[in-house]
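I've kept them to points you can check by eye with the structure open.

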Amino acid sequence: MRISFVYPEVELEARGKFYHGIASLIAYLRQFGHRCSFIRVNNLSAQQQEYESFLRREEIDIVAFSATTNMFPCVAALAPLTKRSSNAITICGGIHPTINPEEVITTEGIDMVCVGEGELALAELCDMLQNDKDITNIANIWVKQDGKIYRNQPRPLIEELDILPFVDREILSYKNTFDLQTKHGVFMASRGCPNRCSYCCNHILKQIYPNKEKYVRFRSVSHIIEEIEKVVLDFPSIELISFHDDILPLNKSWFKEFVDTYRRKFSLPFELNCHPNLVTKEIAKIAKSGGCIRISIGIESGNDWVRKEILNRSIAKQQILDAFSICNELGIKTLSYNMIGLPFETRRKILDTIQLNAQVKPQGMQISIFYPYQGTKLFEVCQEEKLLSQKKWVKNYFKDTILQLKDLTPAQLKTFLVIFKPLVWAFSKCEALPISTGKIVYGGLELFTLGITSRPLVNILLPLLQGTYVILRFLKYKMKRGNRVKP
Ligand code: B12
Ligand code: SF4
C-alpha cells in the first residue's frame, strides 16, 4: 500500500519539528513493505499547487492526516481538496480525533478516524485494503461508508513498547528538521503520564483504553539506549539529547538504570521534563551524574488556590521552591512552564506566578495563554462558567485567548505576556537590596504591575509595549548575528 502522511503546521514555533507519532507509524508500516511518504503543509494557500502535485506524483492509496486541536482546521480544509485531487481514501489520527472522533468523522473529505494508538490499527487497515477485505470492523478505526458510520471499539494499548521499531527518521527527513538544525537529538522513552492535571489531555486518553492500568509504559533501557546509539552515529552533528517524555524520571529504578547505562555509553549532555514533586535531590543527582544540563519543570500557576483547585495539581509552593533550588545547587539549568489566562484568574493571581518565578530564578521561561482543550476537565469548567467566547480558534495559538474571563481582558493578558519576563527579572533583583529598601521597591513594583495592567491603561500601553518588544527582539537578533562575524 502507498500511504502519505500529511502534517499541517500552523503554529509558527512548531514549524519543522520532528513528530514521534507519525515517525512511529511510518516505521511500523515499513516493516510490512508498505510505501510511506510525508509532506508538511505550513501555508495552505501558498502550497495548494505543491500539495496537489504531490498527491498526483505519489499515486497514493491512503492519505493519513495527523492532527492536534490547533491544526485540525487546516486538516478540515485539506481533506476535501485531497478527495478532489486524488482517488485516495483519507484517515485522520492523533490527539484531536482521539478526543473528538465524532467531530472529525463528520468532516467533509474524511473517510476514517483513528481513535488512540495507531500502529496496529493502521497496519491492519492496510492489510485489509490490500486484500480487498471489509474495513468496517477494525478496532480503533471509525469508518464512514455509504452514509453510515461504523464506530469500532478501541483495542488495548501496546503494553510492551519494545515491540515497536525505532521511529523513522528517513521519510520524515530528520536532517531537515528544526531539531537537528539546532543540534538536538529528540527521543521518547515512554508513553503516558499518571497525573490528572485538569488542562492536560492525559486524563482523557487514559479513559479510552480497556487496559487503562497499563497507560504509563516505559521502553526497556537497552531499547532506548540502542536507538540513541544509532541516531547519534547517523547524525554526528547532534550536540544535545532532548527527551520529549512527559516525565522521564517517573520510575526511579528505571531512571537510575538508564542514566548509569547512558553515562557509560555517551558523553553528550541531555535535557528532560519533570514534575516538581519528583525533582528530589536523589533524582537530580542521578540526572546530573549522566550529564543532564537542563530540567524543564511545570509551575503553571504561582497561586496555590489556582494550582490546586483549578489545575488539579497538588503541589505545595515549597515543593516548587525546593525543586528549583536543588537544580540550581547542582548546576542544572531550569526552564519553567507557565500559563496565564486561566479560569478565575485575576491580575493579582498572575502576579503570584511572576513572583514565584522571580523566587526560583529559572534560566528559561515558557509563558502561554491557556487554551481549553475539548474533553478536558478544565474545558468543562469553562463551559459551565460560560467562559467560552464565539472564537473557537486563535491564529497565534497560545498568544491569544478564546475565553471571555470575568476579571481579565485579552489586552490585559497580552500585556502580561510582554511584561512577564522583565517583571520576573525586576522582582528577583529586589532580593539583593537592603531589606527595607527591597520591601519598598517590591511593593512599588506590585503597585506598578497592577496599575499598568488595569483595564483603562492597557489599551494605551499595549501597542507601545508590543512595539518596544519587537524592536528589542530585532536588536538582539542583529547583535547575535554581528557577534558571529569575527573582526
Ligand atoms: C512531544 C510533544 C510535542 C512536540 C512534538 C509534537 C508532536 N505533534 O508530536 C512539540 C514540542 C513540537 C510540541 C508542540 C506543541 N504541543 Co505538544 N506534545 C507533545 C507530547 C508531550 C508528546 C506527543 C507524542 O509524541 N506522543 C507520542 C506519540 C507516539 O503519540 P501521538 O503523537 O499521540 O501519536 C499516536 C496516536 O495519536 C496515533 N496517531 C497520530 N497521528 C496519527 C495519524 C494517523 C493517520 C493515524 C492512523 C494515527 C495517528 O498514532 C500514534 C502512534 O501510536 C504530547 C503529550 C502526549 N501525551 O501525547 C503533547 C501535546 C500533543 N501537545 C500539545 C500542545 C498543546 C502543543 C502546542 C500547541 C504547545 C505550544 N504552545 O507550543 C505545540 C503545537 C504543536 C502542533 N504542531 O500542533 C497538546 C495537544 C492538545 C490538543 N488537544 O491538541 C498535548 C496533547 C499535551 C497536552 N497539553 O495535553 N508538542
Ligand atoms: S504532569 Fe504534565 S503531562 Fe502529566 S498530566 Fe500533568 S500536565 Fe499532563
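The points below go from the overall fold to the ligands and then to a few single residues.

1. First, a caveat: this is a predicted model. Every number in these notes is computed from it, and side-chain atom pairs count only at pLDDT 80 or more.

2. On the overall fold, the chain has 18 helices and 15 strands. Its radius of gyration is 24 Å, close to the 23 Å that the globule rule gives for 487 residues, so the chain is as compact as a globular protein of that length. Along the principal axes, the C-alpha atoms fill a box of roughly 80 × 55 × 55 Å. As for burial, 38% of the 487 residues count as buried. If you take contacts between residues at least 6 apart in sequence, 74% of them join residues at least 24 apart.

3. Next, the domains. The assignment gives domain 1 (2-151) and domain 2 (182-482), and their centres, taken over C-alpha atoms, sit 31 Å apart. Where the two touch, domain 1 puts in twelve residues and domain 2 puts in 13. On the domain 1 side, α4 gives the largest share, with three residues. By class, that side of domain 1 splits into five nonpolar, six polar and one charged.

4. Which residues come nearest to ligand 1? Out of the 39 around it, they are G21, S66, G93, C114 and G118. Several elements each supply at least two residues of this shell: α1 (20-30), β3 (62-66), β4 (89-93), α4 (95-99) and α6 (119-130). The largest share, five residues, is from α1. Both domains take part, since domain 1 and domain 2 each give at least three residues to the shell around ligand 1.

5. Now have a look at strands β12 and β13. Strand β12 (residues 270-274) runs parallel to β13, and five bridges join the two. Within this pairing, C274 stands opposite I297 in β13. Strand β13 (residues 292-300) is mostly covered, with seven of its nine residues buried.

6. N273 is worth a click while you're there, as it belongs to strand β12. Is N273 buried or exposed? It has 20 C-beta neighbours inside 10 Å, so it counts as buried. Leaving aside neighbours within four places in sequence, N273 is in contact with D245, D246, I247, L248 and S296. S289, by comparison, is 16 residues from N273 in sequence and 17 Å from it in space, C-alpha to C-alpha.

7. Finally, Q390. You'll find Q390 in the loop between α15 (377-384) and α16 (410-429). With 6 C-beta neighbours inside 10 Å, Q390 counts as exposed. From Q390 to P410 is 20 residues along the chain, and their C-alpha atoms are separated by 14 Å.

Definitions and conventions: Residues are numbered from 1 along each chain as its sequence is written. Chains are lettered from A and ligands numbered from 1 in the order in which they are written. This is a predicted model: local features need pLDDT of at least 70, side-chain atom pairs count only at pLDDT 80 or more; totals for chains, interfaces and linings use all residues. A residue is near a molecule or strand if its C-beta atom, placed from the backbone, lies within 6 Å of it. Helices (H or I, at least four residues) and strands (E, at least two) are DSSP runs, numbered from the N terminus. Domain bounds come from an automatic or database domain assignment. The radius of gyration is taken over C-alpha atoms; the globule rule is 2.2 Å times the number of residues to the power 0.38. A residue is buried if 20 or more other C-beta atoms lie within 10 Å of its own, exposed if 12 or fewer, and partly exposed in between; C-beta atoms are placed from the backbone. Two residues are in contact if their C-beta atoms, placed from the backbone, lie within 7 Å. Ala, Val, Leu, Ile, Met, Phe, Trp, Tyr, Cys and Pro count as nonpolar, Asp, Glu, Lys and Arg as charged, and the others, Gly among them, as polar. Two strands pair if DSSP finds at least two bridges between them.
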